[in-house]
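The structure is shown first, and the points follow by topic.

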Protein chains: 2
Amino acid sequence: MTKAKKKPTILITNDDGITAPGIKNLVEAVKELGKIVVVAPDKAQSGMGHAITIGQPLRMTKMDMFGDIEAWQTSGTPVDCVKLAVDKILHGKPDLCLSGINHGANHSINVIYSGTMSAAMEASIESIPSIGFSLLDYSYEADFAPARHFVKKIVASLLKQKKLDKHLLLNVNIPSSPLELIKGVKICRQAYAKYEEDFEERKDPHGKKYYWLTGEFINFDKGKDTDVWALEHNYVSVVPVQFDLTNYKLKSQLEKNWKV
Amino acid sequence: MTKAKKKPTILITNDDGITAPGIKNLVEAVKELGKIVVVAPDKAQSGMGHAITIGQPLRMTKMDMFGDIEAWQTSGTPVDCVKLAVDKILHGKPDLCLSGINHGANHSINVIYSGTMSAAMEASIESIPSIGFSLLDYSYEADFAPARHFVKKIVASLLKQKKLDKHLLLNVNIPSSPLELIKGVKICRQAYAKYEEDFEERKDPHGKKYYWLTGEFINFDKGKDTDVWALEHNYVSVVPVQFDLTNYKLKSQLEKNWKV
């Protein structure tokens, strides 16, 4: 994007809700790089995956919480926020959509469950280049300064590219380390890692059983080109993501070996 | 699977809820092919994507609605149902997980939003071969007989394979046509199609605006190897699906051209 062009419009959303420190830090990081519009959920929506609201009406309220930056909260999911932004607020497509900064990791298999990444993916489906940012720290008191540094660096360098792939979709995770310890940015593939689930069984005050999801994260992937490896070695991980879920390898195998 | 082996355990779930006709028809279609266990949401969960329940406890209740087949309803999402089934009901992995039969299409981009496919994907992540079935008819009065025919045929032919890929994940969509008009089963790739969103703006009884999601489905993909093409030509579409969302093509491009 050359200097002669007008400032890019940057849509910002998240899944932790408009009041989360993460989105405030994302706005801070990029506000000099474009015209920012914030459209985010009015409450935390973590673990919502690519949920959309079909059976209920949605509300939007204009908020005054980011200084002179236009901001709206909605009653919808992160995906709803992107749809509402394009259709009812911007009345068109922004040049870039940024989602986050998520409080907690969205590397490896987390991309599937992540509301942060779903918002970014929705934008990518709509031909809006898009990035989801996550910090490997769940705490609301987390230090976002190193994250802000890398967010700005990544967004600025992408905006400098001549032409962005309209479906560009990046899953960026940032280690929870002081800036001087972070070694740089690594382009990675998604690690094959998963949660070994466990449900804690409890009894309610009336003696009836209920279950609460817990689980241990296990990385089965020994590759040194994965996001998990990069983060463990104090790199910012960047995984290019796609929404074509076709398994072409399995497709060829089935075409050869499977008769119905 | 040879006759000498014991009957395979087949976990059945859905996203329309345990009382939906679709899951009843799925059970009917495959009950002779294995030991069936049903674990499904207690209410409709359409459009829930890959949502999981983190912030709330989950309930499970044993139900007596499929004759002598073990059945449970849970207060969770389709993904929660798979996790609960493995951890708390089966205490291990079933040989196969089937999800559906969904009331409505899950072809092309719908795979991203679909609770039916998310349940199947969750199973695949857990190394359980898995299939999601959808009928291109939203009506609860839809005729499921042709769908039952193809579900049975597909599941039976897969169970006959020597060894199933442990991450096998198929997105099967069935046209809403009489059996004699359906031409057969086609292995396809996911079409690039999307919804052109529109939100209907309305006013509540107190004069406050609200928005309701509507949208028109548009297929941008002219390929004859896509699921949308197959369904339009009265084939059952089978798309092999994967949960590695890495865009390897974009990864190579960025590795070459992008400096941060």
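Two strands are taken to pair if DSSP finds at least two bridges between them. On that basis, nine strands of chain A make an open sheet of mixed pairing, ordered E3-E4-E2-E1-E5-E6-E7-E11-E8. The model is a predicted one.

**Sheet of chain A**

- The edges of the sheet are strand E3 (60-63) and strand E8 (184-187) of chain A; each has a single partner strand, so one side of each lacks a neighbour in the sheet.
- Neighbouring strands are turned against each other by 20° on average, direction ignored.
- Strand E7 (residues 169-174) and strand E11 (residues 235-240) of chain A pair in the antiparallel sense, over four bridges.
- Within this pair, Val172(A) has Val238(A) in E11(A) as its bridge partner.
- Helix H2 (residues 78-89) of chain A packs on the sheet and touches E1, E2, E3, strand E4 (70-74) and strand E5 (96-103) of chain A. The direction of H2 makes about 135° with that of E2(A).
- Helix H4 (residues 115-125) of chain A also packs on the sheet, where E1, E5, strand E6 (130-135) and E7 of chain A are touched. The direction of H4 makes about 170° with that of E6(A).

**Strands E1 and E2 of chain A**

- Strand E1 (residues 9-13) of chain A runs parallel to E2(A), and four bridges join the two.
- Thr9(A) stands opposite Lys35(A) in E2(A).
- In strand E2 (residues 35-41) of chain A, five of the seven residues are buried, so the strand is largely enclosed by the rest of the structure.

**Sheet of chain B**

- Chain B has an open sheet of nine strands with mixed pairing, in the order E3-E4-E2-E1-E5-E6-E7-E11-E8.
- Strand E3 (60-63) and E8 of chain B are the edge strands, each pairing on one side only.
- From one strand to the next, the twist averages 20°.
- Strand E1 (residues 9-13) of chain B and E5(B) run parallel and are joined by four bridges.
- Ile10(B) has Leu96(B) in E5(B) as its bridge partner.
- H1(B) packs on the sheet, in touch with E1, strand E2 (35-41), E5 and E6 of chain B. The direction of H1(B) makes about 135° with that of E5(B).
- H5(B) packs on the sheet too, touching E5, E6, E7, E8 and E11 of chain B, and its direction makes about 155° with that of E7(B).

**Helix H5 of chain B**

- Helix H5 (residues 145-159) of chain B has 15 residues and reaches 21 Å from its first C-alpha to its last, close to the 21 Å expected at 1.5 Å a residue.
- Its buried residues are Pro146(B), Ala147(B), Arg148(B), Phe150(B), Val151(B), Ile154(B) and Val155(B).
- The cover over these buried residues includes helix H1 (21-30), strand E5 (96-103), strand E6 (130-135), strand E7 (169-174), strand E8 (184-187) and strand E11 (235-240) of chain B.

**Relation and contact of the two chains**

- Chain A gives 56 residues to the contact and chain B gives 56 residues.
- The side of chain A that touches chain B divides into 31 nonpolar, 11 polar and 14 charged residues.
- Of the interface residues of chain A, 100% are also interface residues in chain B, so the copies meet through the same surface.

Note on methods:
Residues are numbered from 1 along each chain as its sequence is written. Chains are lettered from A and ligands numbered from 1 in the order in which they are written. This is a predicted model: local features need pLDDT of at least 70, side-chain atom pairs count only at pLDDT 80 or more; totals for chains, interfaces and linings use all residues. Two residues are in contact if their C-beta atoms, placed from the backbone, lie within 7 Å. Ala, Val, Leu, Ile, Met, Phe, Trp, Tyr, Cys and Pro count as nonpolar, Asp, Glu, Lys and Arg as charged, and the others, Gly among them, as polar. The expected span of a helix is 1.5 Å times one less than its number of residues. A residue is buried if 20 or more other C-beta atoms lie within 10 Å of its own, exposed if 12 or fewer, and partly exposed in between; C-beta atoms are placed from the backbone. Axes are lines fitted to C-alpha atoms, for helices over the stretch in contact, and angles run from 0 to 180 degrees between N-to-C directions.
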